[in-house]
Amino acid sequence: MFKAVDSELRRLLVLSHRTVVDAPRKRFASGSKAWVNRQRNDHLVQKAKDLDLRARSAFKLQEIQEKHKFITASSIVLDLGAAPGGWSTIASKIVQPAKGGHIIAVDLLPIQPIPNTTIIQGDFTTTDVKDALRNCILASSTSPSPSSPSSPSSTAVTSSATTSTAASTNPASTHSTANVQVDVVLSDMLHNTTGVADTDHYKSMDLVRQAIYFAISTTAHSAFPQGILKVKGTVLCKFLRGEDEKELMEEMKELFHTVQVVKPKSSRSESREAFILLQRRKM
């Protein structure tokens, strides 16, 4: 399904044949004076604070959602790389517990509670956290909706706690796949950048592939024989633009009916970031 080529090796191969050097891009270290000044002068940073959206990245998902409308009131949403919670906050304003909607958010960093959201602190790329996520999806599909939809709860769990709780109360053998798969997988994951364009690009594409593979790959888990994403489900992933982009797009056309790259206006124009939007997963 995916071409098993080491990202770093591919980067070196590209560099060995390159005759034109990438033009340097302006980068600011987090916490530097230039970075602080840019944040202070960015109206979206202040607007995010005023609206309690946690981060300016919330506007990127809001903008994409307003145009493509892939999150609905009944959606089960998985948010990868969720800290500090901007995307999950936007999703929480759309999904409704009374209609079965729920959010599962995971990140290495802690996340403050978000309405109708189960939060896992851990490394998504590890087997333990992926198992915990599958069990959270099972729990989300069978847990009763809160009695007061206007004040839905947020649950924080560790990966080990999730595994033990979900496995004991939601045995996989009693559920059909149609009832437990998620509708939307979001990924705002990104490694710390190095400033080397090709390295950063390939590292970002590796995370994209991991998110997509987790969503659609077959698994030994009896509740998810075809992966955790429903047929006709959606995946939205952030990446840094580069040479591997076209290859991924072609791969995804075999798996999704709609494949496109989007860059919302709220994404800084000087940034190489973009988002691959995969809609209507094929059977």
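Predicted model: local features only at pLDDT ≥ 70, side-chain atom pairs only at ≥ 80, totals over all residues.
Colleague: How are the axes of helix H9 and helix H10 set relative to each other: roughly parallel or roughly perpendicular?

Modeller: Helix H9 covers residues 197-216 and helix H10 covers residues 245-252, and their axes come within 11 Å. They cross at roughly 15 degrees, and angles under 35 degrees count as roughly parallel. The two helices, H9 and H10, are therefore roughly parallel.

Colleague: Is the crossing of H9 and H10 left-handed or right-handed, and which residues of H10 make the contact?

Modeller: The crossing of these two helices, H9 and H10, is right-handed. On the H9 side the contact is made by His201, Met205, Val208, Arg209 and Ile212. From H10 the contact residues are Glu245, Glu247, Leu248, Glu251 and Met252.

Colleague: How do the residues of the contact of H9 with H10 divide into nonpolar, polar and charged?

Modeller: Among the residues that make the contact are Met205 and Ile212 of H9, together with Glu245 and Glu251 of H10. The residues of this contact divide into five nonpolar, one polar and four charged.

Colleague: Which residues line the largest cavity?

Modeller: The count of cavities of 30 Å³ or more comes to one, and about 30 Å³ of space lies in the largest cavity. Its lining residues divide into two nonpolar, three polar and two charged. By name, the residues that line the largest cavity are Leu190, His191, Asn192, Thr193, Asp200, Lys203 and Leu240.

Colleague: Where does Pro84 lie, and is the peptide bond from Ala83 to Pro84 cis or trans?

Modeller: Most peptide bonds are trans. Pro84 lies in the loop between strand E1 (76-80) and helix H5 (86-92). The bond from Ala83 to Pro84 has omega near 0 degrees, and this peptide bond is cis.

Colleague: What is the phi of Lys69?

Modeller: Most residues other than glycine have a negative phi. Lys69 lies in the loop between helix H4 (57-68) and E1. Although Lys69 is not a glycine, its phi is positive, at about 50 degrees.

How values were computed: Residues numbered from 1 in each chain as written. Heavy atoms only, no water. Axes fitted to C-alpha atoms, helices over the stretch in contact; angles between N-to-C directions. Helix = DSSP H or I, 4+ residues; strand = E, 2+ residues; numbered from the N terminus. Parallel < 35°, antiparallel > 145°, perpendicular 65-115°, else oblique. Left-handed = near helix turned anticlockwise from the far one by under 90°. Contact = heavy atoms within 4.5 Å. Nonpolar A, V, L, I, M, F, W, Y, C, P; charged D, E, K, R; others polar. 1 Å grid on protein atoms, 1.4 Å probe; cavity = no way out; pocket = protein on both sides within 12 Å on 5 of 7 lines; lining within 4 Å. Points joined across faces, edges and corners; volume = space filled by probe spheres on them.
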